[in-house]
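Please keep the view open beside the text as you read.

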Amino acid sequence: MGNFTEKEKLQLPKGRLARFGIGTDSPTAQTTIRSFFRGLTDIVYPKECVSCKNKITNYAVDDLVCFDCWTSIKENTPPFCIRCGRHLDKKNLTKNVCPDCIRREYHFDRAFSPCTFEGPVKELIHEFKYNGKDYLAKPLSRLLINFIGEYRVPVEFMDLIVPIPLHEARLRERQFNQATELSQYIAEAFNKCLADDILLRNRSTKTQADLKTADRLVNVQGSFSVQENTVIGGKNILLIDDVLTTGATASEASCALKKAGANIVFVLTLAN
Ligand SMILES: [Zn+2]
Ligand SMILES: [Zn+2]
């Protein structure tokens, strides 16, 4: 599989296996170095799937995720809530908005996610984010790129791809920002401008995963700002993160972007 032209990549038939066809092969220099060393260890240790940890015996996506895990990633399917992007069940179809979004206000215009946060994708995101496996950006970004093509997320109208930043203390601890790694692949696949330095995280917040919904809102309030002298007036922005849960973090980041004059802010995360 592979070697599709840009146009063909976006026209791949709908379905799980279409994910294999998306090819973005341009890791950063840093990832190249890490991949090189990983290549060396592969000679010594046989490869195992990053998700299920079983030895890879057959085809694996990017030599990292086994076929069984990849094909059992739970897709987020339409109809989508027009605000948070979650699947709408039959009861809520007529409203276009899910029950959570009726009660919540967001500063972004709309969010999109290719997967639901469970099973192999949850495990992969955990390994990516907390266990230093930055090379997982490659298979994970395939999910985003394919989703954009399949559901015609209007990236053509987006001016900037902006990753949700980490506070510098957390960045030092993790060595890389998972959202930036994903954004690099998105920007490259759609020939867009990556703006990874315009949004700033002012303070280190508690990990949202440990907090209840109301506390999450308070925790992130005022935690983002836009770099001084940055001109984003009238720009349409695609904000990238790994997971959308209550939407509080993405909303707060969008608030800072909108205050600085951004026009439309869409949010794209791996899972919701
Ligand atoms: Zn597996
Ligand atoms: Zn919703």
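Ala60 is partly exposed because 19 other C-beta atoms lie within 10 Å; a residue is buried with 20 or more such atoms, exposed with 12 or fewer, and partly exposed in between, with C-beta atoms placed from the backbone. Ala60 sits in strand E1 (residues 60-61), strands being DSSP runs (E) of at least two residues and helices runs (H or I) of at least four, numbered from the N terminus. Setting aside neighbours within four places in sequence, Ala60 is in contact with Cys49, Val65, Cys66 and Phe67, where contact means C-beta atoms, placed from the backbone, within 7 Å.

This is a predicted model, in which local features need pLDDT of at least 70 and side-chain atom pairs count only at pLDDT 80 or more, while totals for chains, interfaces and linings use all residues. Residues are numbered from 1 along each chain as its sequence is written, and chains are lettered from A and ligands numbered from 1 in the order in which they are written.

Arg170 is partly exposed, since 14 other C-beta atoms lie within 10 Å. Two C-alpha separations go with these two residues:

| Pair | Places apart along the chain | C-alpha separation |
|---|---|---|
| Ala60 and Lys47 | 13 residues | 9.9 Å |
| Arg170 and Thr205 | 35 residues | 9.4 Å |

Now to the helix pair. The axes of H6 (residues 137-150) and H8 (residues 178-189) come within 9 Å and cross at roughly 50°; axes are lines fitted to C-alpha atoms over the stretch in contact, with angles from 0 to 180 degrees between N-to-C directions. H6 is therefore oblique to H8, the word for angles that are not under 35 degrees (roughly parallel), over 145 (roughly antiparallel) or 65 to 115 (roughly perpendicular). On the H6 side the contact is made by Ala137, Lys138, Leu140, Ser141, Leu144 and Ile145, and on the H8 side by Glu181, Leu182, Tyr185, Ile186 and Ala189.

What about the core? The largest nonpolar core has 67 residues, with Leu239 and Ile240 making the most contacts inside it; such a core is a set of buried Ala, Val, Leu, Ile, Met, Phe, Trp, Tyr and Cys residues joined through C-beta atoms within 7 Å. H6 gives the largest share of this core, seven residues. Beyond residues up to four places away in sequence, Ile240 touches several residues, including Leu182 and Ile186.

Across the chain there are 10 helices and nine strands, and 40% of the 272 residues count as buried.

Technical notes:
Two residues are in contact if their C-beta atoms, placed from the backbone, lie within 7 Å.
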